[in-house]
Amino acid sequence: LSQNSDKIVLLTFVSSWSGSSSILNEIIKHIAPEFEETVIFLKIDIDKAKRLKHKFDIENTPTSILFQNDQVIDKFEGLLSKTKIKRRIENFTLEDE
């Protein structure tokens, strides 16, 4: 993450068996182009990355964590609407513009 410290990173923990994870994946695909200059979007399957699941204390999927300069700046669990996700990202991207 530190190589891209000028950008915010949205790391989303998902699972293949979670319907909410599938829906969130589609929402992120739609909003990602709007933030391509300021946000890096990453997806982690918790069943394939158990160490990361434990490191970030992930209990439910989907869970999303926003990082800036290697620091957690926001964390949210569950399925949020497109508008709510955009607002959470904009809380950290708009102040820098």
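Me: Of the 97 residues, how many percent count as buried?

Reply: Here 40% of the 97 residues count as buried. Keep in mind that this is a predicted model.

Me: And what does the accessible surface come to?

Reply: The accessible surface comes to about 6,000 Å². Carbon and sulfur atoms account for 46% of that surface.

Me: New topic. Which helices and strands are there, and in what order?

Reply: You'll find 3 helices and 4 strands. Starting at the N terminus, the elements run β-α-β-α-β-β-α.

Me: I see two β's in a row there. How do β3 and β4 pair?

Reply: Strand β3 (residues 63-68) and strand β4 (residues 71-77) pair in the antiparallel sense, over 6 bridges. Together they form a hairpin with 2 residues between them.

Me: What's in the turn?

Reply: Asn-69 is in the turn, and Asn-69 has a positive phi of about 55°.

Me: And what stands opposite Leu-66?

Reply: That's Asp-74, in β4.

Me: Back to the whole thing. Why does the radius of gyration agree with a compact globule?

Reply: A compact globule with 97 residues would have a radius of gyration near 13 Å, and this protein has 13 Å, so the two agree. Along the principal axes, the C-alpha trace spans about 40 × 25 × 15 Å.

Me: Last one: how far apart are the mean positions of the charges?

Reply: The mean positions of the 14 positive and 16 negative charges are 7 Å apart.

Note on methods: Residues numbered from 1 in each chain as written. Predicted model: local features only at pLDDT ≥ 70, side-chain atom pairs only at ≥ 80, totals over all residues. Heavy atoms only, no water. Rg over C-alpha atoms; globule rule 2.2 N^0.38 Å. Buried < 20%, exposed > 50% of the residue type's maximum accessible area, 1.4 Å probe, protein only. Areas by Shrake-Rupley, 256 points an atom, 1.4 Å probe, with all protein chains shown as cover. Lys, Arg positive; Asp, Glu negative; His and termini not counted. Charge placed at Lys NZ, Arg CZ, Asp CG, Glu CD. Pairing = 2+ DSSP bridges.
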